[in-house]
Amino acid sequence: MSPGELDTLPHSGAVITLLAVTGLSHRQSYKDIAMCTIAIPLFAVAVAIALAMSGIT
């Protein structure tokens, strides 16, 4: 799960391709990219850790 966080870097191939296809700049899309690559994965990791500690998984 942790390597997914590295997609947030501005020189990532996925980010450059996404911006080229959509025609947006880094400034225009920063919040959207941050939500998809930082906030949601961080929440998923927190849920996975909570489930593992409770013995559900």
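User: Which conventions apply to the model, and how many helices and strands are in the protein?

Analyst: The model is predicted, with local features needing pLDDT of at least 70 and side-chain atom pairs counting only at pLDDT 80 or more, while totals for chains, interfaces and linings use all residues. Residues are numbered from 1 along each chain as its sequence is written, and side-chain values use heavy atoms, leaving out hydrogens and water. Helices (H or I, at least four residues) and strands (E, at least two) are DSSP runs, numbered from the N terminus. The protein has two helices and zero strands.

User: What span does helix 2 reach, and where does helix 2 bend?

Analyst: The expected span of a helix is 1.5 Å times one less than its number of residues. Helix 2, with 29 residues, reaches 40 Å from first to last C-alpha, close to the expected 42 Å. A bend is the angle between axes fitted to the seven residues ending at a residue and the seven starting there; helix 2 bends by about 40° at M35.

User: Is T37 buried or exposed?

Analyst: Buried means under 20% relative accessible area, exposed over 50%, and partly exposed in between (1.4 Å probe, protein chains only). T37 counts as buried because its relative accessibility is 13%. In helix 2, S29, I33 and A34 are buried as well as T37. A polar atom of the T37 side chain lies 2.7 Å from the backbone oxygen of I33. T37 and T8 are 29 residues apart in sequence, yet their C-alpha atoms are 5.8 Å apart in space.

User: Which residues make the nonpolar surface patch?

Analyst: Patch residues have over 30% relative accessible area and no salt bridge; nonpolar side chains (Val, Leu, Ile, Met, Phe, Trp, Tyr) are joined within 5 Å, like charges within 9 Å. A salt bridge is a side-chain nitrogen of Lys or Arg within 4 Å of a carboxyl oxygen of Asp or Glu. F43, V47, L51 and I56 make a patch of about 390 Å². F43, in helix 2, counts as exposed because its relative accessibility is 59%.

How values were computed:
Accessible areas come from the Shrake-Rupley method with a 1.4 Å probe; for residues, only the protein chains shown count as cover. A polar contact is a pair of N or O atoms within 3.5 Å; within protein, one must be able to donate a hydrogen and the other to accept it, and residues adjacent in sequence count only if both atoms are side-chain atoms.
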